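Please have the structure open while reading.

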Amino acid sequence: MTNKFEDIDNDMLSLFLEDMLPATKQMSITNSLKTYKDLWLLANMYNSCEVIRKKK
Amino acid sequence: MNTRFNTSTFLFGNKRQINHIDAEIILGIKSSDPAISEFYVKRLFYIELKALLTTIQYSLYKGTIEYDELVNELYIHLSRNNWDALDSYRGDNKARLSTWLSRVAWRFFMNSYRKSARMTSDEGSTLDCVKSAEILSDVDIRMDIEKVMKMMPNRRYAEVLKLNLYYGYSAEDIAVILDTTVSNVYNIKHRAVMQFISIYGQRDDV
């Protein structure tokens, strides 16, 4: 399991944001969050993508 | 002006699975024809990334920075060495360019935000200024998070997030506190994060 949110690679996070990642890999991302900042950043990235998806 | 490319004629490498629209944008931006490049740059920053950059403008900068300023900063960051940064985008499993750029842009502006907070404090030349600027952004984030946590229907989820991400308790410690197993703590944390993200996106003030 990846230890830090910063260490999650681009592809894995992109798939997470697109809801295309298997559950176990999703868990590895959510469990890599160590601080409020990590959570805040992920929530903002995720919801930015949601807004983009809805507009398309 | 015919700016459309036949993207199937371009080779992005065996391991890249880029959507044809995203491929067209990348090739257009990297075009040696300035008119074509400008057309696709505008499309990327003012159409594809409009929602993302607007969210960053109001969520991170609280509307204190102009949209065009954000575009300018991100443009400079991405366009270095003939847009080499875009070469890192692989499009695996059909992940879109805008999704990938969402992560890149958030990280870029978060770092930029932190640096500018530090620089402003350095100009004040007192340690207190440095501390207050750094604390200010942390406080903003904490308040934003706790506002959403109060809206979470499952209090146990919010409790686990606070114990882990604010107080820094390990999964093992939380398992003892909540009288459960470590693997259950990881499961709760995952569900809590997903619930948090969902509620975060439904707030009225976003």
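How many residues does the contact take from chain A and from chain B? In this predicted model, the contact takes 37 residues from chain A and 44 residues from chain B. The two chains bury about 3900 Å² between them, with 64% of that area on carbon and sulfur atoms. On the side of chain A, Tyr36(A), Lys37(A) and Trp40(A) lose the most area to chain B, and together they account for 23% of what that side buries.

The polar part of the interface can be described by two counts: 13 residue pairs are in polar contact across it, both residues of each pair being at pLDDT 80 or more, while the count of salt bridges between chain A and chain B is zero. The elements of chain A that give two or more residues to the side touching chain B are α1 (10–17), α2 (23–30) and α3, and α3(A) gives the most, with 16 residues.

| Interface quantity, chain A and chain B | Value |
|---|---|
| Buried area | about 3900 Å² |
| Polar contacts | 13 residue pairs |
| Salt bridges | zero |

Turning to the packing, the largest nonpolar core has 79 residues, and those with the most contacts inside it are Leu42(A), Phe45(B), Ile56(B), Phe109(B) and Phe196(B). Helix α3 (residues 36–55) of chain A supplies the largest share of this core, ten residues, and the core also draws at least three residues from each of domain 1 (7–126) and domain 2 (151–206) of chain B. Leaving aside residues up to four places away in sequence, Leu42(A) touches Phe5(A), Leu13(A), Phe16(A), Ile29(A) and Leu33(A), together with Val193(B) and Ile197(B).

Note on methods. Residues numbered from 1 in each chain as written. Chains lettered and ligands numbered in written order. Predicted model: local features only at pLDDT ≥ 70, side-chain atom pairs only at ≥ 80, totals over all residues. Heavy atoms only, no water. Core = buried A, V, L, I, M, F, W, Y, C linked by side-chain atoms within 4.5 Å. Buried < 20%, exposed > 50% of the residue type's maximum accessible area, 1.4 Å probe, protein only. Helix = DSSP H or I, 4+ residues; strand = E, 2+ residues; numbered from the N terminus. Domains from an automatic or database assignment. Contact = heavy atoms within 4.5 Å. Buried area = accessible area lost by both parts, 1.4 Å probe. Salt bridge = Lys/Arg side-chain N within 4 Å of Asp/Glu carboxyl O. Polar contact = N/O pair within 3.5 Å; in protein donor to acceptor, adjacent residues only side chain to side chain.
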